[in-house]
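The sequence and the structure come next, followed by the description.

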Amino acid sequence: MKEEKEARCSFCGIPQSRSMKLIAGPGVYICDECTKTAYNLIFSGGETPKPPISGKKIKLLTPVEIKGKLDEYIISQDTAKKKLAVAVYNHYKRISHNQNLTKVDIRKSNVLLIGPTGTGKTLLAETLAKILDVPFAMADATTLTEAGYVGEDVENILLKLYQAAGENKELTEKGIIYIDELDKISRKSENTSITRDVSGEGVQQALLKIVEGTVANVPPLGGRKHPYQEFLKIDTRNILFIAGGAFVGLEKIITRRLKKNLIGFSNNKEKNRHFRSDICEQVQTDDLIRYGLIPELVGRFSVTGVLNELDKEQLYRILLEPKDAITKQFKALFKMDGVDLEFSKEALEKITEQASDRGVGARGLRAIFEEIMLDLMFEIPSKKDQLSKVLIDGDFIKDKKWIA
C-alpha cells in the first residue's frame with residue numbers, strides 16, 4: 001500500500017505536523033504564518049521599507065549630567081544611578097569615537113539591575129532612553145522561548161526595537177533594550193540538565209548570542225522563522241542591554257559565601273524580612289551562577305547595580321517630587337476639566353502607608369491612586385460647572401468623602 005505524504009505549506013514548505021493550522025485549497029496548502037504574512041503585506045498598502053535616515057547624533061551627556069536628569073524622574077537609588085550613568089556614558093562614547101584610531105577593542109558594558117519590585121528598574125532604563133533620545137524596547141524574559149517552541153523568539157525583541165526606531169536600522173543598532181525578570185529564567189540547579197529547558201537555560205543561551213554582539217536574522221513581520229522568508233539583519237554589537245530582576249533568595253547565597261548569617265549583619269528582625277541591599281551589593285559572579293544564570297551570560301553583564309527597597313519617606317517624595325509625579329498627573333487631568341485638585345499632607349501620608357504595607361514599592365502608589373480616585377474621576381466631568389476645587393484629605397482616604 002502506497003504511503004501518503006504529509007501535507008506541506010505550498011509557500012514555506014512547513015509540514016502539517018509543525019503548523020498550528022494548514023488551510024487546504026485546490027492542490028495547494030497555506031499555513032497560518034504565511035496567511036498572516038500575506039495579510040500584512042496586502043493591508044499595509046504594499047509599501048516598501050523606508051530608507052534608513054543616517055547622520056542622527058546621540059546626545060552624549062557626561063555621567064554627572066545623566067545622573068542629574070535621572071534625579072528629575074527617580075527618587076533615591078543614587079549608587080545604581082551612578083553605575084548606570086558611567087556605563088551608559090562609556091558605551092555611547094565608545095560608539096561615537098572611531099575605535100580603529102585607538103587600536104583597542106573596547107567592549108560594551110551591559111548592565112544588570114537587582115532589586116525588589118517597584119524600586120525603579122524599568123523606569124531607569126526608560127528614562128535613560130528618553131534622555132539620550134535613542135530607541136527603546138522592553139521584553140519580559142518569562143515570555144521568551146527558544147526558537148521553534150511555542151512562545152516569543154528572542155529575536156523578536158530586536159524587532160520591537162526596530163519598530164520603536166521607526167524602522168530605521170541605523171538607529172536600531174544604537175538603541176537600548178530592557179529585559180525584565182531575568183531571574184525568572186534561571187536554571188533550577190547548577191548542574192546541566194539533559195532535558196530541554198526551553199524557557200530557562202535555553203532562553204539564556206539564545207539571549208547570550210544577541211547580548212554579546214552578533215548579526216541577528218530578524219523576521220521583519222514577527223512570528224516564526226521560515227526558510228523562504230527574507231530576514232532583516234541587525235548588528236547587536238552597539239545595542240545596550242539592561243536586564244533587571246528581583247532575584248529573590250540571592251541574599252542567602254551571598255550570605256553563605258560570606259560565611260555569616262543574617263544576624264551577623266543586623267539584629268533588626270523586621271529588616272531581615274525584607275530585601276537586603278547591604279548584602280546584595282556584595283554580589284559576585286559566582287553568586288549569580290549559583291542562583292541559576294549561565295556563566296557566559298553573567299559575563300556579558302559586567303556592571304551590576306543594586307536598588308534599595310523604598311521606605312515610607314522615599315515613597316512620600318515619589319508622590320510629589322519627580323517631574324511626572326502621580327499627584328502632578330492627576331492635577332493635570334482635573335485641570336483639563338477646569339477643576340483644581342489639592343492633596344493634604346495627611347492624605348498623602350495615608351497613601352504612602354498603604355503602599356508600604358502592600359510591599360510593592362512605587363508600583364503600589366499608582367494602584368492606590370486609581371482606587372481612591374475612581375469615584376471622583378467618574379463624577380467630576382458631570383459636575384465641573386458646579387465646582388472649581390476639590391480637596392483630598394485624610395477623611396476622604398478613610399471614608400471616600402471628598403470636599404468641594
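A pocket, as the word is used here, is an open set of grid points with protein on both sides within 12 Å along at least five of seven lines. The model is a predicted one.

**The second largest pocket**

The volume of the second largest pocket is about 690 Å³. Its lining is made by 30 residues, and those closest to the centre are Gly118, Gly120, Leu123, Ala362 and Arg363. Four elements each supply at least two residues of this lining: helix 5 (121–132), strand 7 (176–180), helix 16 (326–335) and helix 18. Helix 5 gives the most, with 4 residues. Sorted by class, the lining of the second largest pocket holds 14 nonpolar, 7 polar and 9 charged residues.

**Salt bridges**

The model has a count of 14 salt bridges. Three of them are set out below.

| Pair | N to O distance |
|---|---|
| Lysine 81 and aspartate 71 | 2.7 Å |
| Glutamate 212 and arginine 300 | 2.8 Å |
| Arginine 366 and glutamate 370 | 3.2 Å |

The side chains of lysine 81 and aspartate 71 meet in a salt bridge. This pair links distant parts of the chain, with lysine 81 in helix 3 (residues 78–96) and aspartate 71 in helix 2 (residues 63–71), 10 residues apart. Are the two partners buried or partly exposed? Lysine 81 has a relative accessible area of 1%, so it counts as buried. Aspartate 71 is partly exposed, at 32% relative accessibility.

The salt bridge between the side chains of glutamate 212 and arginine 300 has an N to O distance of 2.8 Å. This pair also links distant parts of the chain: glutamate 212 belongs to helix 8 (residues 201–212) and arginine 300 to helix 14 (residues 295–300), and they are 88 residues apart. Glutamate 212 is partly exposed, with a relative accessible area of 39%. Arginine 300 is partly exposed, with a value of 30%.

Arginine 366 and glutamate 370 form a salt bridge through their side chains. They are 4 residues apart in helix 18, which means that about one helical turn separates them. An α-helix has 3.6 residues a turn, so residues three or four places apart point the same way. Arginine 366 counts as partly exposed at 35% relative accessibility, and glutamate 370 counts as partly exposed at 41%.

Salt bridges that share partners also join Lys67, Asp71, Asp78 and Lys81 into one network.

**A nonpolar surface patch**

Which residues make the nonpolar surface patch of about 300 Å²? The patch is made by Leu333, Met336 and Met377. Methionine 377 is found in helix 18, which spans residues 363–383. The relative accessible area of methionine 377 is 34%, so this residue is partly exposed.

**Helix 9 and positive phi values**

Helix 9 covers residues 250–258, and its buried residues are Leu250, Glu251, Ile253, Ile254 and Thr255. Lysine 259 follows helix 9 and has a positive phi, near 60 degrees.

The phi of phenylalanine 247 is positive, near 50 degrees, in a residue other than glycine. Phenylalanine 247 is buried, because its relative accessibility is 0%.

Aspartate 133 is not a glycine, yet its phi is positive at about 60 degrees. Aspartate 133 lies in the loop between helix 5 and strand 4 (136–140). With a relative accessibility of 41%, aspartate 133 counts as partly exposed.

**A buried isoleucine**

Isoleucine 157 is part of helix 6 (residues 156–164). Its relative accessible area is 0%, so isoleucine 157 is buried. The C-alpha atoms of isoleucine 157 and leucine 144 are separated by 9.3 Å, and the two residues are 13 residues apart along the chain.

Definitions and conventions: Residues are numbered from 1 along each chain as its sequence is written. This is a predicted model: local features need pLDDT of at least 70, side-chain atom pairs count only at pLDDT 80 or more; totals for chains, interfaces and linings use all residues. Side-chain values use heavy atoms; hydrogens and water are left out. Patches are made of residues with over 30% relative accessible area and no salt bridge: like charges are joined within 9 Å, nonpolar side chains (Val, Leu, Ile, Met, Phe, Trp, Tyr) within 5 Å. Accessible areas come from the Shrake-Rupley method with a 1.4 Å probe; for residues, only the protein chains shown count as cover. A salt bridge is a side-chain nitrogen of Lys or Arg within 4 Å of a carboxyl oxygen of Asp or Glu. Buried means under 20% relative accessible area, exposed over 50%, partly exposed in between (1.4 Å probe, protein chains only). On a 1 Å grid over the protein atoms alone, a cavity is a set of points where a 1.4 Å probe fits but cannot get out, and a pocket is an open set with protein on both sides within 12 Å along at least five of seven lines; lining residues have an atom within 4 Å of a point. Grid points are joined across faces, edges and corners, and a volume is the space filled by probe spheres set on the points. Ala, Val, Leu, Ile, Met, Phe, Trp, Tyr, Cys and Pro count as nonpolar, Asp, Glu, Lys and Arg as charged, and the others, Gly among them, as polar.
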